[in-house]
Amino acid sequence: MKQKKGFNLRNVCGEQIIVAEGKENIDFSNIISMNESSAYLWQKLEGKEFSVEDMAKLLTEEYEVDEASALNDCKELANLWREAEIIEG
């Protein structure tokens, strides 16, 4: 998987939000708000190819979460990101 170009994490009024930049990405009907851990992952994965396992490893290194829970959460998050069309692959 990889983040699609033109989607960047911004802090807007204290909230972490994915903002579509560039005229090909202009669609204000789908604002994507990130919690602390998903924003952390987005930043760490920027510009890289990654897998769900890579995401889970980052979570277990940063937060007190077991590997199985991290993997399940990351599978769910990756599916949400695919549905939002902010990642490809």
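This is a predicted model: local features need pLDDT of at least 70, side-chain atom pairs count only at pLDDT 80 or more; totals for chains, interfaces and linings use all residues.

Residues are numbered from 1 along each chain as its sequence is written, and side-chain values use heavy atoms, with hydrogens and water left out.

Q: Why is the contact between K57 and E61 called a salt bridge?
A: The rule asks for a side-chain nitrogen of Lys or Arg within 4 Å of a carboxyl oxygen of Asp or Glu. K57 and E61 have an N to O distance of 3.5 Å, so the pair passes. The count by this rule is one salt bridge.

Q: How are K57 and E61 placed in helix α2?
A: They sit four residues apart in α2 (residues 52–62), so about one helical turn separates them. A helix here is a DSSP run of H or I, at least four residues; a strand is a run of E, at least two.

Q: What makes K57 count as buried or exposed?
A: Exposed means over 50% relative accessible area, buried under 20%, partly exposed in between (1.4 Å probe, protein chains only). K57 is at 52%, so K57 is exposed. E61, at 51%, is exposed too.

Q: How do you know that β2 and β3 pair?
A: Pairing needs at least two DSSP bridges between two strands. β2 and β3 (residues 15–20) have six, in the antiparallel sense, so they pair.
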